[in-house]
Amino acid sequence: MTSYWSSWPQIPTEWTRSVGRRVDELYEIKNALLDDEGLIEGAVLPLRDVVLYPNMVTPLFVSHDPSLIAIEEVALNNETMIAIAQHDPATEDPTPDDLYPVGTEIAVGRLMHLPDGSISVLTQGRRRVEVVEFVQTKPYLRVRARPIEEISERTKETLALMRVVLTLFEKCVQLNRSLPEEAYVYAVNIEDPAWLADLIASALTLSIVERQTILETFDPLERLQQTSVLLGRELDVLELEDHIHSQVQSEVDRAQRELYLREQMKAIQIELGETDLWTQEIAELRQRVQHLNLPEEVEVRALKELQRLSQMPPISPEVSIIRTYVDWLMGLPWSEATQDSLDIKHVAKVLNEDHYGLEEAKERILEFIAVKSLAPTKQRQPILCFVGPPGTGKTSLGRSIADSLGRKFIRISLGGIRDEAEIRGHRRTYIGALPGRILQTMRRAETVNPLFMLDEIDKLGRDFRGDPASSLLEVLDPEQNHAFSDHYIELAYDLSQVFFITTANTLDPIPPALLDRLEVIQFPGYIEEEKLIIARRFLVPRQVEQNGLIKGDLSFSEDALKTVIREYTWEAGVRNLEREIGKICRKIARRRAEGKKVPKRITPNMLHKLLGPPQITPHEAETEDQIGTATGLAWTESGGDTLAIEALLIEGKGNLQITGQIGDVMQESAQAALSYVKSRSKDLNIDPEIFEKTDIHIHVPEGSIPKDGPSAGITIATALASVLTGIPVRRDVGMSGEITLRGKVLPIGGIREKVLAAYRLKLNTVIIPEKNNKDLVKLPRQARTALNIQLVEHMDEVLMMALVQESTD
């Protein structure tokens with residue numbers, strides 16, 4: 001009778017010499033006899049991590065004391081045992097509840113005692129048994145069990161299923177290196193489907209639960225079907241393993257072949273006195289480094305990296321990292337510089353040709369050129385910050401400055417940057433690391449002294465990845481930027497010759513430490529007269545040319561431009577004004593392309609057809625003096641604006657209500673204004689009892705727009721004094737200033753924008769704090785001439801000017 005050896009721990013040497021004799025001894029042991037109830041009784045051998053099947057010969061190693069006693073008694077009496085698998089292999093002393101209900105009757109051969117106290121034994125499965133009851137638990141388990149009679153019918157369906165299972169098993173044997181080819185040969189010679197299913201199940205890598213399921217399936221045909229499913233799954237896994245192994249082997253073979261061929265090529269080139277391409281490329285890189293006139297520290301680092309590169313095989317993954325680093329070292333400008341144009345008249349001419357106004361910025365550039373012409377080596381590069389509303393020419397002026405100086409112009413936008421690595425770069429330990437945007441832009445500039453514009457510096461963000469604004473402290477500090485440290489380059493880079501210009505709309509978001517390093521130049525909004533000049537001199541000619549029209553074929557009347565400025569744009573700059581002019585030019589260009597008649601001159605009457613209805617409803621001054629309504633002046637990001645503040649008395653209990661989406665600071669200003677008016681009630685002839693019997697409602701129109709700040713204090717106080725005294729407020733007076741409880745008027749910001757708003761509204765008188773007198777020098781001459789600007793120190797002066805005074809005969 002033939003036996004099949006399953007894969008199991010290494011068999012002792014003595015077994016290999018006597019295995020044939022020991023198997024024969026197994027066959028001499030007879031099965032247990034049935035009692036009157038058709039049951040057998042036998043000792044139990046608990047199994048861990050293994051299930052024994054009928055007809056299978058399997059070596060076991062036993063170390064559990066009760067099992068040792070049971071095996072020795074069974075071997076002495078020449079009896080069979082019942083092997084049952086445990087639910088949990090970790091259980092040391094299994095009880096009846098720890099064992100499965102179905103096991104296998106086995107014959108036990110001669111025992112062999114091992115040095116560690118365990119026993120090696122060869123077992124043979126005889127038949128399936130189902131446990132009926134446990135009759136003994138000490139010193140070892142004994143059970144009564146019912147043998148399972150298996151009847152195998154060789155039908156066509158059975159034969160077909162056996163062929164399918166054998167086909168699958170053959171493929172598994174071919175792919176699984178742990179299964180010997182004899183296993184398939186033995187399986188082919190088995191004619192019993194039940195035995196075939198048990199054999200294949202014992203050979204597959206299955207879990208204990210799956211093996212036990214096969215054991216507990218008594219129908220041979222059903223068992224064979226389950227085995228076919230397990231074979232299919234195992235075959236899928238083996239095919240995937242084979243595919244992965246083939247891929248890995250192919251890559252290894254290719255790499256070894258390439259390495260071998262390269263070594264052969266190198267040996268041949270050495271014999272011919274030539275060098276290989278890799279060595280030649282490194283030699284060329286080394287020559288470039290030596291001829292680039294790099295700083296000594298940079299050259300030493302580059303040559304060191306090239307030395308590392310030469311010792312690596314070309315296929316090493318680190319080659320590309322080192323090569324990229326060396327390319328960056330060679331690509332950065334270390335000493336190349338452009339020559340500055342020191343002709344002050346030429347620079348002034350270029351700046352005036354490109355931009356109108358902006359005298360403060362132009363003066364600063366001319367001062368820089370003058371000092372540099374007198375002391376070329378002593379002056380530091382300026383670090384300017386252009387601050388102003390959108391569309392006032394900050395970025396375009398930076399480009400004009402670069403052109404006038406003869407420097408290269410480079411620009412990066414800082415808006416939305418939240419990662420510190422965007423400024424300082426990533427360390428080379430990271431895959432895909434690169435220098436920060438500062439050095440990336442310097443590489444594009446190809447000089448060490450470009451004009452570098454950092455746009456939207458007030459839009460920087462910060463999060464868990466760091467604070468980019470803090471990284472800019474080193475970049476924009478003349479004491480530090482001569483040795484700027486980038487995480488990727490890891491060498492000091494000199495930024496001291498760079499002319500840095502930053503731009504911002506407001507200064508509030510800029511951290512104080514960064515703002516302290518910047519020389520702030522304000523870009524105020526333009527008045528209507530300035531916008532007219534800019535439109536005629538710059539915007540109209542540019543849009544005519546960009547839209548394919550011929551110079552001189554289209555012009556704008558002054559009234560048409562004024563109408564566009566007043567009714568189609570509302571801004572401190574000229575960006576939207578240029579957009580509207582461009583829209584008109586595009587419509588004229590389309591008519592010309594269609595062969596239609598086009599006008600030579602744009603007049604106000606044509607704007608409704610070309611641009612549609614007016615988009616802006618400008619604020620208008622009150623047509624008559626009003627009680628409880630005062631005109632305030634406000635600052636906005638688009639320039640200045642006027643603000644009507646209304647006060648109303650309602651019968652009540654002396655409460656104060658403020659509406660119009662007012663901020664906390666403005667509400668406090670209203671409280672202070674009311675307290676001041678109460679304190680002056682006697683001088684203003686106000687009945688004190690009115691404050692106890694009347695509610696006061698203060699409202700600021702345009703409630704969808706948030707409003708805040710202390711500068712509306714004197715305006716609120718004026719409206720309150722007017723409504724409580726019944727004296728109207730002059731309709732042609734605008735005002736702005738902070739008020740204290742004692743009535744003092746404190747200085748405020750945004751004077752230029754606020755006064756220009758009053759000028760646009762055509763007010764006659766503007767009231768501002770005395771301490772803002774210094775800000776009047778920045779006002780356009782037209783505004784100073786047209787307005788009666790009154791400087792005040794106390795609220796009493798405001799009321800004298802703002803309230804309508806009764807005429808005395």
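This is a predicted model: local features need pLDDT of at least 70, side-chain atom pairs count only at pLDDT 80 or more; totals for chains, interfaces and linings use all residues.
I started on the surface, where L240, I244, V248 and V252 form a nonpolar patch with about 330 Å² of accessible area together. My patch rule takes residues with over 30% relative accessible area and no salt bridge, joining nonpolar side chains (Val, Leu, Ile, Met, Phe, Trp, Tyr) within 5 Å and like charges within 9 Å. Areas are from the Shrake-Rupley method with a 1.4 Å probe, and for residues only the protein chains shown count as cover.

Residues are numbered from 1 along each chain as its sequence is written, and side-chain values use heavy atoms, with hydrogens and water left out.

**Entry: helix α7**

I looked up I244 and found it in helix α7. Helices here are DSSP runs (H or I, at least four residues), strands likewise (E, at least two), and both are numbered from the N terminus. I244 counts as partly exposed because its relative accessibility is 44%; the scale is buried under 20%, exposed over 50% and partly exposed in between, with a 1.4 Å probe and protein chains only.

Next I checked charge on the surface: D236, E239, E241 and D242 gather in a negative patch there.

T95 is in the loop between β3 (80-85) and β4 (102-113), and T95 is partly exposed at 37% relative accessibility.

**Entry: salt bridges**

How many salt bridges does a search of the whole structure find? I got 36, counting a side-chain nitrogen of Lys or Arg within 4 Å of a carboxyl oxygen of Asp or Glu.

I picked out R144 and D35, whose side chains meet in a salt bridge at 2.7 Å, N to O. R144 is in strand β6 (residues 142-147) and D35 is in the loop between α1 (13-28) and β1 (40-47), so this pair ties together parts 109 residues apart in sequence. R144 is buried at 16% relative accessibility, whereas D35 is partly exposed at 31%.

Then I went to E490 and R301, which pair at 3.9 Å, N to O. This pair links distant parts of the chain, 189 residues apart, with E490 in the loop between β10 (484-485) and β11 (492-493) and R301 in helix α9 (residues 296-310). E490 is partly exposed at 38%, and R301 is partly exposed at 21%.

K774 is exposed at 56% relative accessible area.

**Entry: buried helix residues**

In helix α6 (residues 208-215), which residues are buried? I listed I208, R211, Q212, I214 and L215. They share one side of α6, because they cover an arc of only 155 degrees around the axis; the arc is that of the directions from the helix axis to the C-beta atoms.

I200 lies in helix α5 (residues 193-203) and is buried, with a relative accessible area of 0%. I200 and T227 are 27 residues apart in sequence, and their C-alpha atoms are 7.4 Å apart in space.

I found a cis peptide bond from K138 to P139, with omega near -5 degrees. P139 is in the loop between β5 (119-136) and β6.

N293 is not a glycine, yet it has a positive phi of about 55 degrees. N293 lies in the loop between α8 (277-291) and α9, exposed at 59% relative accessible area.

E490 turned up again here: it is not a glycine either, and its phi is positive at about 60 degrees.

Conventions: Lys and Arg count as positive and Asp and Glu as negative; His and the chain ends are not counted. The place of a charge is taken as NZ of Lys, CZ of Arg, CG of Asp or CD of Glu.
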